[in-house]
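Subject: A structure for you to explore

Hi there,

Here is the structure I promised to pass on. Have a look around it first, then read my notes below.

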Amino acid sequence: MCPKPLPCPAVPAPATLSVAILGAAGTIAPAIVRDLAESGEVASMLLLDLDPSRAAAVAAAHGGGKARAGDVDARDTAALAAALDGVDVVINSASYRINLDAMRACLAAGCHYLDLGGLYWMTHRQLELDEEFRRAGLLAVLGIGSSPGKTNVMAARAVRELGGTVDSIDVAAAGRDPRATGGFSPPYAVRTLIDELTLAPVVLRDGRPVEIAPLDPGGTLDYGSPIGEVETIYTLHSELATFGESFGCREASFRLSLAPVLLGRLRELASATPEEVSEATREAVSPSAETVSVHLVIARAGERVVEMRAVSHPHFGLGGSVVSTAAPAAAAVRLIARGQVGATGTLPPERCLEPELLFAELESRGCTFELLEGGN
């Protein structure tokens, strides 16, 4: 079953919000900060990181005069809750490992919560906090980046096109940097990428979650221009934690395509020591401002096939792969501020965000959407 169109409004919200960003010195946070700096719905930002000097640099470069930096260890729930005094919404762009700590701090501080994903197993644990967020009248959106996030809402739109009944949903993501120099240039946190590649992927088969081998080949997939046909692998992803319940599909999967040089380096790091991974992280170079990210969602019901394709182009002078992950979180903040999110509790994006509203926000940030229908 497909989530019905969502009512608006139901979550009371001020016209302008104070937003805190965790992991403010990371790869994705600068794009989130830049996006929110351009958003009239945001009055101020608190950029929190273990390295306050780097967070301050992000505030100065991207905050548009709205941002200030601070330091906090998000694993210290009491300290984080104290730092969040007066904050309306938290965007957790730090490691998925601190998701539960950050959520508990939000409950204590009385603010809404957004993150960029829980890598499947963490998402299941986060969903257990649903009743606590409902009682508090708060919303926690689990995984509102590019994938999970944008792809979840694309799936909702595709299933709606099929009339609300679906047999299978397959998600695929790819990004390429036309100015790549051959150096190590990960699109997001290195440790998260390694976890995605080394933990057993989960797919839905006959309505049940099934673990398959890490790096299991997913075959060749045509992502369209500018990426074209490329090889894919199955990886662990959060969409698979909620698609079965959200849509009633009995089959689902997630596939990823990384540039061969990047995938080769990550394979090496998969067996490296923590110290070697930390050293590689320090030596990594940021993707160029010309990267492009493509996401596909393919939904099937009987003989009907609906495919949604999203292409994220460079925006704000930042590459499409980074903007693709940052823009959905920033868009969700604006929708909350306008009272256009009609839910409380702990929910995946497909159960609380209206596709057309989110897509309109993302189109203003350099993302294009295409819906195609065909037969098997």
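Aspartate 195 sits in helix α8; helices here are DSSP runs of H or I with at least four residues, strands are DSSP runs of E with at least two, and both are numbered from the N terminus. Before going further, please keep in mind that this is a predicted model, in which local features need pLDDT of at least 70, side-chain atom pairs count only at pLDDT 80 or more, and totals for chains, interfaces and linings use all residues. Residues are numbered from 1 along each chain as its sequence is written, and side-chain values use heavy atoms, with hydrogens and water left out.

Is aspartate 195 buried or exposed? Its relative accessible area is 12%, so aspartate 195 is buried (buried means under 20% relative accessible area, exposed over 50%, and partly exposed in between, with a 1.4 Å probe and protein chains only). Setting aside neighbours within four places in sequence, aspartate 195 is in contact with Tyr96, Arg97 and Leu119, where contact means heavy atoms within 4.5 Å.

Although leucine 119 is not a glycine, it has a positive phi of about 50°. Most residues other than glycine have a negative phi, and most peptide bonds are trans. Phenylalanine 316, again not a glycine, has a positive phi of about 55°; this residue is found in the loop between β14 (304-312) and α12.

Back to α8. Helix α8 (residues 190-198) packs with helix α11 (residues 274-283) at an angle of about 125°, their axes being 10 Å apart. Axes are lines fitted to C-alpha atoms, for helices over the stretch in contact, and angles run from 0 to 180 degrees between N-to-C directions. The two helices are therefore oblique to each other (under 35 degrees counts as roughly parallel, over 145 as roughly antiparallel, 65 to 115 as roughly perpendicular, and the rest as oblique). From α8, Val190, Arg191 and Ile194 take part in the contact, and from α11, Pro274, Val277, Ser278 and Thr281. These residues divide into four nonpolar, two polar and one charged; Ala, Val, Leu, Ile, Met, Phe, Trp, Tyr, Cys and Pro count as nonpolar, Asp, Glu, Lys and Arg as charged, and the others, Gly among them, as polar.

Now for helix α1. Why is helix α1 (residues 29-37) largely enclosed by the rest of the structure? Because eight of its nine residues are buried. They are Ala29, Pro30, Ala31, Ile32, Val33, Asp35, Leu36 and Ala37. The elements they pack against are β1 (17-22), β2 (42-49), α2 (52-62), β4 (89-92) and α12 (320-337).

The angle between them is about 40° and their axes are 8 Å apart, which means α1 is oblique to α12. Their crossing is right-handed, where right-handed means that the near helix is turned clockwise from the far one by less than a right angle, and left-handed that it is turned anticlockwise. On the α1 side, Ala31, Ile32, Asp35 and Leu36 meet Val322, Ala326, Ala327, Ala330, Val333 and Arg334 of α12. This contact has eight nonpolar residues, no polar ones and two charged ones.

Serine 321 is also in α12, and it counts as buried because its relative accessibility is 12%. Its side chain makes a polar contact of 3.2 Å with the side chain of threonine 291 (a polar contact is a pair of N or O atoms within 3.5 Å; within protein, one must be able to donate a hydrogen and the other to accept it, and residues adjacent in sequence count only if both atoms are side-chain atoms).

Lastly, two peptide bonds to look up. The bond from serine 147 to proline 148 is cis, with omega near 5°, and proline 148 is in the loop between β6 (139-141) and α7 (150-161). Serine 225 and proline 226 are also joined by a cis peptide bond, with omega about 10°; proline 226 lies in the loop between β10 (217-222) and β11 (229-234).

Enjoy exploring!
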